[in-house]
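I opened this notebook to record what I looked up in one structure.

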Amino acid sequence: MTQPVPTALMGTLLALCAVAASDASAQSGPIVLNEQIQFGDIFAGQQLNVVVARQQVTVTNTALGNQLAGGAEERDVSVQNRQYQHGTTSAEVSLYIGDEAAGRVTAVNQARANEASIAANGAELVLDSDQANYGSAIARTILGNTEAHLTGGISLSSAAYSNAMTAGGKNAVTTGAISQSTSGSTVAETYAPARYVPGAAYYASDAAANLTQLTTTGSSAQRVEVGQVSEGWTSAETVATAANAWNSVATSSAAANRINASNAGGSQVVTTRQSNIGGVQSQASTYAYDYGDLRAVADGVANQVSVSNQDVWVEIDNSQFNSGGVSVQAELTAHNGYEAYVGANAAGNSVTGYACADCGGILNTNTTQTNNGNVSATAVTNIGGQGRAVITGTTATGNTASFYVTRPGG
């Protein structure tokens with residue numbers, strides 16, 4: 001019998017205050033003024049006890065401190081956003097499979113202290129956003145019972161974000177400034193022991209103290225400044241075990257500061273400022289006695305920027321500073337099987353830029369990277385019996401900058 005624990009989501013506000021212009025000289029589109037301050041702790045939890053499930057078992061669980069969501073169609077919009085979380089934001093899922101699950105087992109678990117998601121289609125979006133998290137953001141997913149038979153396969157994911165901003169749209173011009181800062185811990189953990197998993201198995205943990213995602217498609221453009229400061233601990237850990245696993249992937253990714261900006265159909269000018277003094281850890285571990293395709297992949301970075309445009313003009317002004325340590329470890333232990341893959345990648349500062357070759361793309365960059373922290377990537381592989389292929393790789397880099405002019409979709 002399934003017994004979910006009630007979910008408590010307090011302090012989550014949806015604010016969209018629109019002021020229309022009364023004459024031609026006034027603001028031509030809506031103005032959104034949002035201020036949210038959360039002092040208490042936020043907890044969302046589910047506990048499921050399932051003896052036998054003939055079909056799927058699906059769990060979604062989300063804890064939100066402050067939330068802003070909205071959009072505009074065919075009309076320009078200006079958004080001023082202020083979100084501050086002082087308490088802990090925690091999402092917990094405990095899933096116990098007593099005997100067998102014939103259908104696929106799926107759990108999506110997220111903790112987001114401050115979140116803003118804004119879209120403008122066929123319009124201009126002007127941003128003035130400030131997010132700060134002084135508490136912790138924690139997402140933890142646990143699969144119980146080491147004797148469970150998961151014949152339909154499994155997918156478990158935990159994600160923790162202290163500050164998250166998503167903005168853009170189709171045929172949109174996105175401009176303005178985004179500021180994010182965090183001083184607490186950001187932690188995502190997934191633990192999944194089982195006995196028999198003949199279906200596809202995917203286990204993942206993702207943690208980002210500060211996350212900005214800008215996506216504009218169609219006839220679009222971007223001119224945005226993003227500043228991120230992380231002072232707390234950022235960690236992602238995934239552990240998956242099985243006596244018999246056919247196709248199993250365990251991944252973990254952690255970033256103190258992460259910016260992804262993609263554009264199509266117009267110019268893209270992005271200014272990024274990232275600073276991290278906290279520690280970053282990412283660990284993916286998997287164990288199996290008999291296996292088919294077994295993988296453990298871990299990625300960790302203090303400051304990360306990715307900018308891509310499928311049109312002519314890309315301009316990147318990037319500054320990154322890291323003094324916190326970055327530790328990444330991937331571990332695989334097995335006995336008899338076929339393919340085993342292990343990968344660990346760590347970086348202090350990373351920036352990547354893309355421009356469209358077929359468009360006659362022009363890519364201009366100005367990048368400054370300073371890393372004072374220790375960076376380590378470790379892969380541990382143990383095959384006790386027979387295996388057909390073992391492929392491992394590690395990369396540890398203090399500062400890395402990559403710029404390409406590529407074909408669309410290439």
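**Basis.** I worked from a predicted model, in which local features need pLDDT of at least 70 and side-chain atom pairs count only at pLDDT 80 or more, while totals for chains, interfaces and linings use all residues. I number residues from 1 along each chain as its sequence is written, and side-chain values use heavy atoms, with hydrogens and water left out.

**Whole chain.** I looked up the secondary structure and found 22 strands and zero helices in the protein chain. Both are DSSP runs numbered from the N terminus (helices H or I, at least four residues; strands E, at least two). The C-alpha atoms fill a box of roughly 75 × 45 × 35 Å along the principal axes. I then checked the radius of gyration: the protein chain has 22 Å, which agrees with the value near 22 Å for a compact globule of 410 residues. That radius is taken over C-alpha atoms, and the globule rule is 2.2 Å times the number of residues to the power 0.38.

Of the 410 residues, 50% are buried; buried means under 20% relative accessible area, exposed over 50%, and partly exposed in between (1.4 Å probe, protein chains only). Among contacts (heavy atoms within 4.5 Å) with a separation of 6 or more, 85% join residues 24 or more positions apart.

**Aromatic pairs.** Rings of Phe, Tyr and Trp (its six-membered ring) pair if their centres lie within 6.5 Å; planes under 30 degrees apart count as stacked, over 60 as edge-to-face and the rest as tilted.

Tyr 196 and Trp 246 form an edge-to-face pair, at 6.5 Å centre to centre and 75° between the planes. This pair links strand β12 (residues 186–217), which holds Tyr 196, to strand β14 (residues 234–263), which holds Trp 246, 50 residues apart. Tyr 196 is partly exposed at 27% relative accessible area, and Trp 246 is partly exposed at 43%.

Why do I list Tyr 354 and Tyr 404 as stacked? Their ring centres are 5.6 Å apart and their planes lie at 20°, so the pair is stacked. Tyr 354 lies in strand β19 (residues 339–356) and Tyr 404 in strand β22 (residues 389–406), so the pair ties together parts 50 residues apart in sequence. I noted Tyr 354 as partly exposed at 31% and Tyr 404 as partly exposed at 40%.

**Charge over a ring.** I found the charged end of Arg 295 over the ring of Tyr 341, 3.9 Å from its centre. The criterion is NZ of Lys or CZ of Arg within 6 Å of the ring centre and within 35 degrees of the ring normal.
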